Amino acid sequence: MLTDIRNAGRHTCAFSAAMRIRPYTKGEQRALLGIFQSSVHRLASRDYTAEQIMAWAPHVLDAASLQSWDSRIDANRPWVVEINGQPVAFADLQQTGYIDQFFVAPDFSGQGVGGALMRHLLERASAYRMPALFSHVSLTAQAFFAHFGFQIEQERMPVVRGVALRNALMRKTLAGD
């Protein structure tokens, strides 16, 4: 399913004429890895230390870590936002309502790309009749998720590569039929 998001809500996006949301295609794992790494390094760096950023998104991954990334992307089957044919953001929505990953390339942050992607996930959740959505959300993304009605349920301190990273479990209850 492709979604043309030129008219995907009341907020406009500077890229709307050339932007679409589509399912992930096998073979895009490295492009999505680049979006993830740049997002963490350039956007999340305002809320996390250099040590935390490197633990969360190392610049170089060994073969086992790359395989793990590929497997995670394949399992999550994310939605990809592309602009002029290039992936610029991605997010998944699991059958449980869990959003495991939600990342926007820094050059497209704050320009409506993430909002269009979140509205797409909310539309999918409604179509699937999910009662709620939830995610483990970084400090950087909490205001964005809150804007869409997610509320913090629990503060967390998961350890990644031996380093603690603060985040929060956030949940949004969806309207029932």
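In this predicted model, Asp70 has a relative accessible area of 12% and is therefore buried. Asp70 belongs to helix H3, which spans residues 63-76. Beyond its neighbours within four places in sequence, Asp70 is in contact with Gln29 and Arg30. With Arg30 there is also a side-chain link, as a polar contact of 2.5 Å joins Asp70 to that residue.

Helix H3 also takes part in the aromatic pairing. Eleven aromatic pairs were found when the whole structure was searched. In one of them, the ring centres of Trp69 and Phe90 lie 6.4 Å apart and the ring planes meet at 90°, so the pair is edge-to-face. Because Trp69 sits in helix H3 and Phe90 in strand E4 (residues 86-91), this pair ties together parts that are 21 residues apart in sequence. Trp69 is buried, at a relative accessible area of 7%, and Phe90 is buried as well, at 0%.

A further edge-to-face pair is made by Phe102 and Phe145, because their planes stand at 70° and their ring centres are 5.8 Å apart. Here too, distant parts of the chain are linked: Phe102 is in strand E6 (residues 102-104) and Phe145 in helix H5 (residues 142-147), 43 residues apart. Both residues are buried, and together with Phe144, Phe148 and Phe150 they form one aromatic cluster.

How values were computed:
Residues are numbered from 1 along each chain as its sequence is written. This is a predicted model: local features need pLDDT of at least 70, side-chain atom pairs count only at pLDDT 80 or more; totals for chains, interfaces and linings use all residues. Side-chain values use heavy atoms; hydrogens and water are left out. Helices (H or I, at least four residues) and strands (E, at least two) are DSSP runs, numbered from the N terminus. Buried means under 20% relative accessible area, exposed over 50%, partly exposed in between (1.4 Å probe, protein chains only). A polar contact is a pair of N or O atoms within 3.5 Å; within protein, one must be able to donate a hydrogen and the other to accept it, and residues adjacent in sequence count only if both atoms are side-chain atoms. Contact means heavy atoms within 4.5 Å. Rings of Phe, Tyr and Trp (its six-membered ring) pair if their centres lie within 6.5 Å; planes under 30 degrees apart count as stacked, over 60 as edge-to-face and the rest as tilted.
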